[in-house]
Amino acid sequence: MDQKLVQTQVQKQLQVQRLSQQQMLQVRLLEMPLTELEESVNAELDDNPALEASSSEDAMADSGFESIEEEREEMSEEEQNEHDDREEALENALENIGRDDRMPESYGYTDNDNNADYEEVVYGDTVSFYDKLKEQMGETVLTDRQQDIMEYIIGSLDDDGLLRKDLESISDELAVYHNIDADTEEIEQVLRLLQAFDPAGIGARSLQECLRLQVERRAESPVKAAMLRLIDGYFDEFTKKHWHKIQIGMHLTDAWLHLLQDEIRKLNPKPGASLGETEGRNIQQITPDFIVDTSDDGVISFSLNRGNIPELKVSPSFSEMVDTYRNNKEGMTRQAKEALLYAKEKVEKAQGFIEAVKQRRHTLYITMKAIIEWQRKFFLDGDEADLKPMILKDIADKTGLDISTISRVSNVKYAQTKWGTFPLRFFFTDSYTTDSGEELSTRKIKLVLKEIIGKENKTKPYSDDALSLLMKAKGFPVARRTIAKYREQLGIPVARLRR
């Protein structure tokens, strides 16, 4: 029997939910990180003449940079930015001296002004500093053995360009992994060659050595001699900012003390930052959307970073134009009607954009408030193990927002805290339910698992069964299959490959 294709028209009534243009605008703005929102606001200001920015002559009044600006009128803008970056990085480095000399990952802030310009943390370009240092290796006369040793040292540098691994460990690792029997004295000779590379301070083993290497490259002068004397003889006072003791000990006049302070602040405590990241990734600028402050008495407060976004308003001239035309509709010419429609369209668009920006701020505010309330213990002590199980649905239920809205808020947004700058996704962690019904944070389980494996005897590493028993003894009754899954997620190989 032949089959025929027949087209028929059928009338159906369907209920379809569509987003209005205003809702689509709100969704689009909600997904944007702060820097992208700034660009969108500026583009809208250029495009819509009915949208204006409120004038603010004192926008930078509380940014903390006015006194510096007054002292540096002679500098170019680029030089000022570089000077400010280095000065603030040095201040942060000094504050962290007691914490294994690591440079901080985020800059400080002032939360008494929501409109303050917060510093952007800029990481390297697509070429890693590993590659750039190897280029300089090619321009240096080295034996094959020295090249192998130097290449390993470069691979051992931290992201800031400092070497925090001791030379004995490097000697052992070279013997085990590369069959190179080099003592610490030979490694130090190669390290000295590396420390002659650019930028000055690369390969230093401490902040003190990093600063000294930079000063040593300067031309001989009384200022250089004074800086070396300060770094060598008064570094402890320097880290504690006891400038009065330094002035007395070095017999400095006020003018000399100020000169020494200015010159020291020009030094770069993170020389590797100017060469990019060791891993060769291109990490974009990170500007925190939230500034969370935890006081010593346990009070947690936060604010939204407004960045460079001005207060927006509808142009009074356009509003008056619309009102005038509306009150004189009778006898209106065609040209006047076209002008009315144009002005009305632009005013409505401006009002919609202003409302969308306000809605974005409100949504971000209530979402961050809920996250802080849920993860309060982490914000108090900064211990990752204290992160409670929390999924998107938990915050959606707490705020009354849709899960998709929480997901958009959490995407590409960052919070600057006392303990560092974190993506909002960091605060979300799944839960693991034990046989007894107890809910445990998978993040905490992974941290304990990683700690156990890190302390195991490398000649007899634990099997997954043994790890399961050890985890149970620590209060984490996790099955062997779950141990294997979390171990793989942590990038830790099986026992036979950990020997």
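This is a predicted model: local features need pLDDT of at least 70, side-chain atom pairs count only at pLDDT 80 or more; totals for chains, interfaces and linings use all residues.

Visitor: What makes α15 roughly perpendicular to α18?

Guide: Helix α15 (residues 334-374) packs on helix α18 (residues 403-410) at an angle of about 90 degrees, and their axes are 10 Å apart. Angles under 35 degrees count as roughly parallel, over 145 as roughly antiparallel, 65 to 115 as roughly perpendicular and the rest as oblique. The pair α15 and α18 is therefore called roughly perpendicular. Here axes are lines fitted to C-alpha atoms, for helices over the stretch in contact, and angles run from 0 to 180 degrees between N-to-C directions. Helices (H or I, at least four residues) and strands (E, at least two) are DSSP runs, numbered from the N terminus.

Visitor: Which residues make the contact of α15 with α18?

Guide: T363, L364 and T367 of α15 make the contact with T405, I406 and V409 of α18; contact means heavy atoms within 4.5 Å. By class, this contact has 3 nonpolar, 3 polar and no charged residues. Ala, Val, Leu, Ile, Met, Phe, Trp, Tyr, Cys and Pro count as nonpolar, Asp, Glu, Lys and Arg as charged, and the others, Gly among them, as polar.

Visitor: Why is α1 called oblique to α18?

Guide: Helix α1 (residues 21-31) and α18 pack at an angle of about 40 degrees, with axes 7 Å apart. That angle makes α1 oblique to α18. In this contact V27, L30 and E31 of α1 meet T405, R408 and V409 of α18. The residues of the contact divide into 3 nonpolar, 1 polar and 2 charged.

Visitor: How many cavities of 30 Å³ or more does the structure hold?

Guide: The structure holds 2 of them. A cavity is a set of points, on a 1 Å grid over the protein atoms alone, where a 1.4 Å probe fits but cannot get out, and lining residues have an atom within 4 Å of a point. The largest cavity has about 90 Å³ of space, a volume being the space filled by probe spheres set on the points, which are joined across faces, edges and corners.

Visitor: What lines the largest cavity?

Guide: The lining includes L34, L37, D289 and R306. The largest share of this lining, 4 residues, comes from α15, and α2 (34-47) and α15 each supply at least two residues. The lining divides into 6 nonpolar, 1 polar and 4 charged residues.

Visitor: How do you know that β5 pairs with β6?

Guide: Two strands pair if DSSP finds at least two bridges between them. Strand β6 (residues 420-423) is joined to β5 by 4 bridges and runs antiparallel to β5. Among the bridge partners, A415 has F422 in β6 and Q416 has T421 in β6. A hairpin joins β5 to β6 through 2 residues. Strand β2 (residues 290-294) and β5 (residues 414-417) pair in the parallel sense over 2 bridges.

Visitor: Why do β3 and β6 stand at the edges?

Guide: The open sheet of 4 strands has the order β3-β2-β5-β6, with mixed pairing. Strands β3 (300-304) and β6 each have a single partner strand, so one side of each is left without a neighbour in the sheet.

Notes
Residues are numbered from 1 along each chain as its sequence is written. Side-chain values use heavy atoms; hydrogens and water are left out. On a 1 Å grid over the protein atoms alone, a cavity is a set of points where a 1.4 Å probe fits but cannot get out, and a pocket is an open set with protein on both sides within 12 Å along at least five of seven lines; lining residues have an atom within 4 Å of a point.
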